[in-house]
Each structure stands twice: as structure tokens, then as C-alpha cells.
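Please examine the sequence and the three-dimensional structure shown here. The paragraphs that follow lead through the fold, one part at a time.

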Amino acid sequence: MQVMETFDDAQQKQFMEQGYLRLGKVLTPDELVALQGRIDAIMLGEIPYKKMLFQLDGKSEEYGQMESNSYGNKGASLAYRRITGLEQDPLFLNYMQHPVFRAIAKYFIGDHVSVFRAMFMNKPANQGTILPWHQDVGEGWGLDQNPIVTVWTALDDAVPENGCMQIVPGSNNLGILNPGHYVSEEDQEKHATVDKITHLGAEAGEAILLHNWLMHRSGVNKTDSPRRALSVAYMDAETKKMRNGQTFPVVFGENALS
Ligand SMILES: O=C(O)CCC(=O)C(=O)O
């Protein structure tokens, strides 16, 4: 699988038409093993981060039944659903600052770029929570702008059986259906009919660029192995939290984390 090295108008056209673009295996096999080991060590509390947000997966697959998201590890477990703030970890930060992501960020955003909710998204073995149809909208995140690009990276092969993402290609062009993220039943019936849905399978180490307005959802993991992934939204470093004017961790340009 060829790794994309630059980002140009032809790729942008494809991305805007489809709402996603495969970037290839941006992680080398060694880097993949290192990130898999690192996230497991963070889940097990072997590498403690007090300022990362941890959320255990729920006991049922129903969305809304899971534990809430709060600072600090909740106990040694590989059954976390989500861990946010991974830019605090040097291995993950180094990956987020990969030259191909810099090129993409420069194309869409410019030279001064921050990240929103650099997060681990996990479907633990034989677990997982159904994530309903949604778009990723800045307003719903409480931001004063709408970030447009997210890089989603598979840390394990993602397939329908273990809860890979499902998307409606091109649905980014519908614009924002609901600023609060979740797509209404009515819009699902209109836009997410069976013939329009694609299972966005991915190989471990593969990165996929997602348009934040692409309709997406994911299911549960019916296999004995985890389906781990990393999701990072890149945005203009001027982007602020509406509530308190707070900016976000900078990964490219002046005052970038290192
Ligand atoms: O990994 C998943 O199952 C969903 C990820 C997602 O919703 C996102 O990256 O915005």
C-alpha cells in the first residue's frame, strides 16, 4: 500500500467528493507495534497521564450506557472505549506530526495548527458501544469554528466483524444536518439507506483522512481481539472553546509541542 507523501488539488477533489481519502500505511510496522504497546500501557496505567480523559466501555452495547469521560486512569483494563489528550504522549505526538499530516494541515488550514480531542477510539474484544450516525461539528464540540479534517488511523485491522466505521460517501456535501452531531431518524432514512452505506475497512497502520461532515457510525466488536484506532481533528490554532476562549494544543507552527 503506497503511502501518500504530498497533498494536491486532485487529492483534494477526491476527498471533497467522497468525504474521505485513504492515505496508505503511514505507520511503519515497527511504529505500529510501538503505538499498540503504548496505548495498552496507558490503558493498564503503566504509563500514567493524569490529564488525559478516560472512558471505560459500557456494560451494554447501547450508546449512552457507558461510563462518563473524566481525567485519569480508572483502573488497569483493556476495556477503555475512549482516551482523549494523546498529544501528551511523545510517541503519539510524534505520529500526529508526521510530514504527510503537516502537508494536509497546510493545505486545508495553514501553518499554525492545533488538534482537537486527539483520541484513542477502542472497540474492546467482544465488547464495544454502538456509535450512532453523526457528523463531527465544531459547534457541537463547543468551538468557535468548524474544523474540517480528521485523520483516523487503524491500530488493528478494522473489518465489519469488529466494528469498523460505516460511512455514507459524499454525505459531507449535505452540509451540517444537525449542529449537535447526531443525525435525525428522518435524515437517516433519507441519506443512510442500505445502498448508500460503505464499510470503511482498514488495515492496521493505515490512515484515512475524513471530512468532519461525513456521516459515520460504528458498531460492536464480535471478535476476540480489540479494534483500536486513533482519531485526531486538525484545526486552525486560533480556534477557541466558545465557553472560555481556551485554545488547543498546537502541533504545527509557532509554539508547537515537541
Ligand atoms: O472509530 C470509530 O469507531 C468512530 C470514530 C469517530 O467517530 C471519529 O473518529 O470521529
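Which residue in strand 11 does Leu131 stand opposite? Leu131 faces Ser218 there. The structure is a predicted model, in which local features need pLDDT of at least 70 and side-chain atom pairs count only at pLDDT 80 or more, while totals for chains, interfaces and linings use all residues. Residue numbers start from 1 along each chain as its sequence is written.

The chain contains five helices and 13 strands; helices (H or I, at least four residues) and strands (E, at least two) are DSSP runs, numbered from the N terminus. Its radius of gyration, taken over C-alpha atoms, is 17 Å, close to the 18 Å that the globule rule gives for 258 residues, so the chain is as compact as a globular protein of that length. The globule rule is 2.2 Å times the number of residues to the power 0.38. Along the principal axes, the C-alpha atoms fill a box of roughly 45 × 45 × 45 Å. Of the 258 residues, 41% are buried; a residue counts as buried if 20 or more other C-beta atoms, placed from the backbone, lie within 10 Å of its own C-beta atom.

Leu131 and Ser218 belong to a pairing in which two bridges join strand 6 to strand 11 (residues 216-218), the two running antiparallel. Two strands are said to pair if DSSP finds at least two bridges between them. An open sheet of four strands has the order 6-11-8-9, with antiparallel pairing. Strand 6 (131-134) and strand 9 (198-200) are at the edges with a single partner strand each, so one side of each is left without a neighbour in the sheet. From one strand to the next, the twist averages 25°, with axes fitted as lines to C-alpha atoms and angles running from 0 to 180 degrees between N-to-C directions.

Leu131, His216 and Ser218 are also among the residues around the ligand, together with Met121, Asp136, Thr150, Trp152, Met165, Ala229 and Ser231; a residue is included if its C-beta atom, placed from the backbone, lies within 6 Å of the molecule. At least two residues of this shell come from each of strand 7 (149-154), strand 11 and strand 12 (227-236).

The loop between strand 11 and strand 12 holds Pro226. Pro226 is buried, with 25 other C-beta atoms within 10 Å. Not counting residues up to four places away in sequence, Pro226 touches Leu78, Asn122, Lys123, Pro124, Ala125 and Asp156, where contact requires C-beta atoms, placed from the backbone, to lie within 7 Å.

Strand 10 (residues 206-211) is mostly covered, with six of its six residues buried. In a regular strand the side chains alternate between the two faces of the sheet. On strand 10, Glu206, Ile208 and Leu210 lie on one side and Ala207, Leu209 and His211 on the other, and both faces are covered. Strand 1 (residues 20-25) pairs with strand 10 in the antiparallel sense over five bridges, and Lys25 has Glu206 as its bridge partner.

Strand 4 pairs in the antiparallel sense with strand 2 (residues 53-56) over four bridges and with strand 5 (residues 113-123) over three bridges.

Key
A residue is buried if 20 or more other C-beta atoms lie within 10 Å of its own, exposed if 12 or fewer, and partly exposed in between; C-beta atoms are placed from the backbone. Two residues are in contact if their C-beta atoms, placed from the backbone, lie within 7 Å.
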